[in-house]
Amino acid sequence: MNDIHTLLNWLLQTGVAFVSTIAFAIIFHTPRREWLYAGLTGGAGWLLYLIASGMGGGVVFASFFATLALAWLSRVFSFSRKAPVTVFLICGIFPLVPGAGIYYTGYYFFMGSNAQALDKGLETIKIAVAIALGIGIVLSMPQFFFTFKRKKN
């Protein structure tokens, strides 16, 4: 019963990430024909984050793993849709950005809980670095990893 509850929770969260990514794409004037693909990128990234953190990985590892996957998916969509990779990457990364960590860092700091602020701030910086490394690794890979067309003789 607990496994079904966890699965339904993950599906709900993935759906919310999908819809929120599309909303982010609309706000930032992503072309209409790319909304679905941007949403798929954000939803897939969040689902992989949930899976990685559910398997016992910490939030930093889960963020890195999910960023690798969504950056790869962004490059695949970029080549298949003939659109810039940033259309999918910027929108897709939206669910993974540690906004709550930044908020709580400031909150604890202004409330005088310096130890908690430092703890949350360091975790937020680690997540941000993990996201940046994941994007950097995938964007530095050669093009043939993302195209599925075979060369004709």
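This is a predicted model: local features need pLDDT of at least 70, side-chain atom pairs count only at pLDDT 80 or more; totals for chains, interfaces and linings use all residues.
The largest pocket has a volume of about 240 Å³. It is lined by 16 residues, and Tyr49, Pro98, Ala100, Gly101 and Ile127 are the closest to its centre. The table gives the lining by class.

| Class | Residues in the lining of the largest pocket |
|---|---|
| Nonpolar | 10 residues |
| Polar | 4 residues |

Four helices each supply at least two lining residues: H2 (35-54), H3 (59-81), H5 (99-110) and H6 (114-139).

**Helix H3**

H3 has 23 residues. At 1.5 Å a residue, H3 should span 33 Å, and its end C-alpha atoms are 31 Å apart, so the two values agree. The buried residues of H3 include Ala62, Ala66, Leu70, Leu73, Val76 and Phe77. Ser63, Thr67, Ser74, Arg75 and Ser78 are also among the buried residues. What do the buried residues of H3 pack against? They pack against H2, helix H4 (85-93) and H6. After H3 comes Lys82, with a positive phi near 55 degrees.

**Aromatic rings**

The structure holds 11 aromatic pairs. One of them joins Tyr107 and Tyr108. Their ring centres are 5.7 Å apart. Their planes stand at 65 degrees, over the 60 degrees cut-off, so the pair is edge-to-face. Tyr107 and Tyr108 also belong to a cluster with Tyr103 and Tyr104, linked by ring pairs. Is Tyr107 buried or partly exposed? Tyr107 has 38% relative accessibility, so it counts as partly exposed.

Conventions
Residues are numbered from 1 along each chain as its sequence is written. Side-chain values use heavy atoms; hydrogens and water are left out. On a 1 Å grid over the protein atoms alone, a cavity is a set of points where a 1.4 Å probe fits but cannot get out, and a pocket is an open set with protein on both sides within 12 Å along at least five of seven lines; lining residues have an atom within 4 Å of a point. Grid points are joined across faces, edges and corners, and a volume is the space filled by probe spheres set on the points. Ala, Val, Leu, Ile, Met, Phe, Trp, Tyr, Cys and Pro count as nonpolar, Asp, Glu, Lys and Arg as charged, and the others, Gly among them, as polar. Rings of Phe, Tyr and Trp (its six-membered ring) pair if their centres lie within 6.5 Å; planes under 30 degrees apart count as stacked, over 60 as edge-to-face and the rest as tilted. Buried means under 20% relative accessible area, exposed over 50%, partly exposed in between (1.4 Å probe, protein chains only). The expected span of a helix is 1.5 Å times one less than its number of residues. Contact means heavy atoms within 4.5 Å.
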